[in-house]
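Please read it alongside the sequence and the coordinates.

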Amino acid sequence: MSESKNVIFGIEISSEDISLGPDGSVIIKNPNLFTKVKDKGKSTLPSFPNYQCKNENSIL
Amino acid sequence: MSIGLNEYSFLLSDKVQELIIFPTEQCNFRCTYCYEDFELKRMSPTIIQSIKKFLENRAPKLNQLTINWFGGEPLVAKDIVIDISRYAKYLSRKYHDLSYFSGITTNGFLLSPSTFEDLVEEGVTQYQISLDGPENIHNLTRKKANGEGTFERIWNNLLHIKSSNHDNIEITLRIHLSKDNIPYMSDFMLELRNHFVGDPRFKIFLKPIERLGGPNDSTLGLLNRDEKEPTIKHLKSLLYQNSFSEMNDFNLNQDYVCYASKPNSIAIRSDGSLAKCTVALNDERNSIGKINPDGSLNISQDRLAPWLRGLFTLDSETLSCPKRMLP
């Protein structure tokens, strides 16, 4: 995949900035984004599981 | 796309883990519109142990673990569902910072009263069960592998769930709509209204069927684009009659982000291979790695990255369905 850059919340990030570690952890290489995510990532919002695609507009 | 930093962070957080587990890809049904090929069998003991080791390694670092059961029909392998769920529940008790949620997509046929109680006991509290209309219509499309009808047993299982005292459960009744069943749906809405509307544990999701790659795709009677919205609006007016709609209507958030768009969501298939999407099961772009016997993951970062592209564009169509226009 070709690298694409975008500015999200004032931080330039690209598809190369995120990967998964062998333990399943999310690795964010962009240090600015990483700091913000670590701070906010402590939230424990409940999530409704969408195990099957429910999007009305989805091709699926 | 209106998404805040907090929500965005939640999508990316490595303190959150969602697993979608296929304990088997066999099914006791042969729904006429199904896209699955039932090639893969039951999960082996080695893969089950691998998943437990993954959870054991991951749990101390997590705030939230969600396990969603999928298949095939997951209750064909009920023992695996119970086994891994019990282990996840144990971990959530061991690590006090860890919240554990679990749900299952099941056809409901094997969801007997005792099985339902077993699942709730192990923390499986969210259910998605599909119906295709009243009994004689449902039985034409949601058939057992031997051709027998399935409605009566599913309906009785649903009535048992409704009669239960569990207040921590959520049941989504996914009602499929097609050109073939629409003539029968008005009466069926009244049946649903009589039995489930007003009980806040039940949500009703009206979903037009789609062509998802199954062998009968060319013969499916799909609602066209212009028919969907007015049809659903009409059926909802019968279902809710302007009451209880907030309580029972399954409303898909406009800003819905598919699990396949999230790096912290992984599907584990019954052979131990890893995927992002639960529909594109035969698409090699959806095969992103495998789980090892020690619980570690071999991830192809090149295969993973395209699924996450919506996080870099915040394009709502991509985030809600990254399979669309997947590079």
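B:Arg285 counts as partly exposed at 30% relative accessibility, where buried means under 20% relative accessible area, exposed over 50% and partly exposed in between, with a 1.4 Å probe and protein chains only. The model is predicted, so that local features need pLDDT of at least 70 and side-chain atom pairs count only at pLDDT 80 or more, whereas totals for chains, interfaces and linings use all residues. Residues are numbered from 1 along each chain as its sequence is written, chains are lettered from A and ligands numbered from 1 in the order in which they are written, and side-chain values use heavy atoms, without hydrogens and water.

Over all chains the structure holds 13 salt bridges, each a side-chain nitrogen of Lys or Arg within 4 Å of a carboxyl oxygen of Asp or Glu. Among them are these:

| Pair | Closest N and O atoms |
|---|---|
| B:Asp79 and B:Arg42 | 2.5 Å |
| B:Lys89 and B:Glu121 | 3.8 Å |

B:Asp283 is buried, with a relative accessible area of 18%. B:Lys89 also counts as buried, at 18% relative accessibility, while B:Glu121, at 51%, counts as exposed.

Chain A has one helix and four strands, running β-β-β-β-α from the N terminus on; helices (H or I, at least four residues) and strands (E, at least two) are DSSP runs. Of the 60 residues of chain A, 47% count as buried.
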